Amino acid sequence: MAVFSKLSKDRFRRFRMIKRAWYSFIILSALFVLSLFAELLCNDRPYIISFNDKLYFPIFKFYPEKEFGGKYFTEADYVSLRNSDLFKKEGNWMLLPPIPHSPLHSYIDLEGTPPHPPSAMHWLGTDASARDVFARLLYGFRICMLFSLILAGIATLFGILIGGVQGYFGGVIDLVVQRMIEIWSSLPFLYVVILVGTIYSRSFMILILVLSLFQWIGLSYYMRGEFLKIRNLNYVKVAKTMGMPSSHILFRQILPNGLTPVITLLPFQIIGGIGALTALDFLGFGLQPPTPSWGELLSQGLNNLFAPWLAVSTVVCLFTTLLLATFIGEGVREAFDPRASTD
Amino acid sequence: MNNKVNSPIIEVTDLQTWFPVKSGLLGRTSHYIKAVDKVSLRVNHGEIVALVGESGCGKSTLGNSLAGLLPIRGGQLLFRGNAAFQGNRLQREVFQNKVQVIFQDPYSSLNPKHTVFEILSFPLLYHKICTRNEVSDYIASLLEQVGMSAEYMNRYPHSFSGGQRQRISIARAIGMKPDLMICDEIVSSLDVSIQAQIVELLLELRKKLDLALLFIAHDLSLVRALSDRIYVMYLGKIVESGNTAEVLTSPSHPYTRALVQSVPTLNRECPPVILQGEVPSFTNMPVGCSFQNRCPNKSERCMNEPEITESNQRELRCFHPVQI
Amino acid sequence: MKSTDSEIGTDDYLLQVQDLSIGVEQSQKLLQLTDRVSFKLKKGEIHGLIGESGCGKSISSLAIMGILPQPGGKLLSGKVLFKNEDIFCLDKTSLNSLRGNKISMIFQEPFAAMNPLIRIGEQMLENFDYHQTKIDRHQKIRELLNEVGLTDHARILQSYPHELSGGMLQRIMIAMSLLLDPDLLIADEPTTALDVTVQAQIMSLIVRLCKERKMSVLLISHNISLMAQYADSISVMYAGQIVETNEISAFLTDASHPYSRGLIQAIPTLDKAGDKIIPISGQVPEPGKFSTGCRFMERCPVSAAICSNPPPEKNIGDLGHYRCHY
């Protein structure tokens, strides 16, 4: 079954022709993929350590302190290691990632009080707990994107399912579900999040679960419309007269033709997800500390206005990401415009 | 051409499809649009039967009702003697896939996301007409039967013209080895020379596969070239039926005559005769015979509803048939 | 500003389309849609233009009013002489004053040609707005409604398009097109969407108006029986070219071009009852994929090697001509 019919290829080609959208897509995807490898790019653990003529690979393997002359069995602190005299003996070297900081490590030994301004060591300075801002932004970006992608995925699934059922069966089912949706969507989702977060712990999965309970509603309206429209087309009628089962008609006949709103809405779902998570973290109802998060950085920035690098860097990152996603969304919308001529 | 026993494949008796019109504050049904009102017809084995009428006469509604796409209000359809309607719903199992439908619009009849192979194979595999191993060859033979090359199997609908798409729809229908095909205006949106090709194809298929057709159309000339028997519909009722050649050369019902005389021919000496007035709407039907306001033979008697009378294998619903 | 009403020349032709070639630019390629289309229309004559979909007849008819396909339509060569003035040489104002005024057009789908949100009366008045005239508008509208057989003026003028039937709307379209007494009426498939009984009514109406007003009609259709009944002369179009032109009875008795003959044989009519219909095999080629020789070659029952060369134009009697090697 082809989703890549000529029509799809045409749309993709049109999307590519909108330079702003296409480049945004490339940039954002590249950044996202890069962030997936954050541990390899931005870590206080080195790739390789040569200590006392033995090779270690701390990023990939756990080594206790004792290996490097420490007393305990807990994980070695590579930051203090690289500064220790024990290490600075002849023959020992370590190969560090390009950004040799972890988002969780507090550099309490630095001069002055946190938050520290940008320097050669810390390109964007440190936050109020003396953690490297760049690292926190990078890891935060990954969490943001993963969160919103997973959220969008779940919301899309529910939106298609519920909207599709409404549109296909119509009648009483449509009415009843519609009323239920109206009641459901009047629930203030923020309070629900807070409540659930208080009762259960505020983990990544719980947050996604709660938010996905509301995110699907928008898409279901579109899918309902698409299914209502498509079920009257002749090829669906023919499938019915040929005795094909409802499951075949829903999934093989109607659904592949009704995916346009899913794709056009996806970038905006992602933007919504990023916005939602950032807002929750800002208010303190989102992910638990010390998870790196943009919202948390923003709130720090607000509380430490004399340290502008906190707020500014986060805002710039947020703005850029949302801008890129918006360009992509606009491009997708234009490419899928049914009135554009296909030649 | 009817070597078989003159057995009806389908026999429709007093079929009624009414659409309720709701009005008033509580949405109560004030009256009905009787799109199909006590229609009876029959299609015998290997016969091509035409159902003609102008727009709004209910012929497409009838086609859709027989296909099970609309709930009926009353009447029965016997398929090979078995009742197909239970209450107001069609029990499709009774047909056993031996009744297939083809629709008018070639552009929405094929799923744009599926290849020709997929379009044709889904029903074949689901209904176990052939196995997965055989299906490719079977589809190739179907395509050849409708005059298309087997290599079109892997193409998408958008690369085909209207006529070719209708051929694919026909292939899809005959793949199920039907006894009867209901063709709802299948050539009306095609070019004239393509219409002729499709008509020729249908005649061929009828001969080769012993196929019966219920051909719904509005083009009398086409129907004359194609069908054995004809039913003429006006405002939801059958007004005349019989052997096509006979009905069209010497129509009995004034409406049929008016229809036949309206059709332009190549003979400039015989210009079309104009039938005045317009078809009344379903909500504004005259009392008694629905054709009376336009009928030259109208009389007092026509205020009563005429019933169908049968003679010489021709049916007629009229008090004042055309005298020859 | 009205264009000056020039005297019609000695050969008495209201409209002369000469070697009209129109192309359209699509993704940097030029697609030629019509190739040296030529036909002529006398005053008071009904000329039929017959062809199947994609042959270019609608494009040619719009070009008569100076409308080229959008986007990317180009006039490659040729002229359209209306009252001996080349349409394509007129400036925009003169062109606008011609359209709807001296040249009127009615289309296949009356519903699609009307604004569904505006009452009929208002839409009819709109025509006058573009062409300032001194005549009594309401009086004229009523006159024309009578002429087209609609007597219930009040109700019709107050109605919206969707409240009226196809037949009535087409009559209103005809009335609208005649408001300013045009010299030429282009009727593009005027009855294709109508029932056969209504078709008879509308066609007889058009013919009557044409004769009464000495108005010329360019009747475009794919229905050869329609042409047989109502047209005085006919041009057959195939794949962007005119393949035959002749006066109608000569055409019907003895069509010269194989496509014309094929059309006549392929179309069932009630009076041909016993004869088998013989379809034309194959399909109309798409623009851009025409052969350099005769475009009908692949489907022609009498084609031969010589047909790979472009066929010459030959005369039939005084008035007709066709394009074939045979």
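A residue is called buried if 20 or more other C-beta atoms, placed from the backbone, lie within 10 Å of its own, exposed if 12 or fewer do, and partly exposed in between. By that rule C:Lys83 is buried, because 20 other C-beta atoms lie within 10 Å. This is a predicted model, in which local features need pLDDT of at least 70 and side-chain atom pairs count only at pLDDT 80 or more, while totals for chains, interfaces and linings use all residues. Residues are numbered from 1 along each chain as its sequence is written, and chains are lettered from A and ligands numbered from 1 in the order in which they are written.

**Chain A as a whole**
- Chain A holds 13 helices and three strands, where helices (H or I, at least four residues) and strands (E, at least two) are DSSP runs numbered from the N terminus.
- The radius of gyration of chain A is 25 Å, whereas a compact globule of 343 residues would have one near 20 Å; the radius is taken over C-alpha atoms, and the globule rule is 2.2 Å times the number of residues to the power 0.38.
- Along the principal axes, the C-alpha atoms of chain A fill a box of roughly 85 × 45 × 40 Å, and 37% of the 343 residues in chain A are buried.
- Chain A is divided into domain 1 (6-37 + 135-335) and domain 2 (44-96), with bounds that come from an automatic or database domain assignment, and the centres of these domains, taken over C-alpha atoms, are 43 Å apart.

**Helices H12 and H13 of chain A**
- The axes of helix H12 (residues 294-303) and helix H13 (residues 308-335) of chain A come within 8 Å and cross at roughly 145°; axes are lines fitted to C-alpha atoms, for helices over the stretch in contact, and angles run from 0 to 180 degrees between N-to-C directions.
- Residues of this contact include A:Trp294 and A:Leu297 of H12(A) and A:Leu310 and A:Cys317 of H13(A), two residues being in contact if their C-beta atoms, placed from the backbone, lie within 7 Å.
- The residues of the contact of H12(A) with H13(A) divide into eight nonpolar, three polar and no charged, where Ala, Val, Leu, Ile, Met, Phe, Trp, Tyr, Cys and Pro count as nonpolar, Asp, Glu, Lys and Arg as charged, and the others, Gly among them, as polar.
- In the loop between helix H11 (260-283) and H12 of chain A lies A:Pro290, which a cis peptide bond with omega of about 5° joins to A:Pro289.

**Chain B and its side towards chain C**
- B:Ile10 is found in strand S1 (residues 8-23) of chain B, and B:Ile10 counts as buried because it has 23 C-beta neighbours inside 10 Å.
- Leaving out residues up to four places away in sequence, B:Ile10 touches B:Val43, B:Leu77, B:Leu78, B:Phe79 and B:Leu180.
- In the interface, 34 residues of chain B are in contact with 30 residues of chain C, and H5(B) gives the most to the side of chain B that touches chain C, with six residues.

**Backbone features of chain C**
- The peptide bond from C:Gln70 to C:Pro71 is cis, with omega near -5°, and C:Pro71 is placed in the loop between helix H1 (57-64) and strand S5 (73-82) of chain C.
- C:Arg36, a residue other than glycine, has a positive phi near 50° and counts as partly exposed, with 17 C-beta neighbours inside 10 Å.
- C:Lys83 lies in the loop between S5 and strand S6 (85-86) of chain C, and C:Lys83 has a positive phi of about 50° although it is not a glycine.
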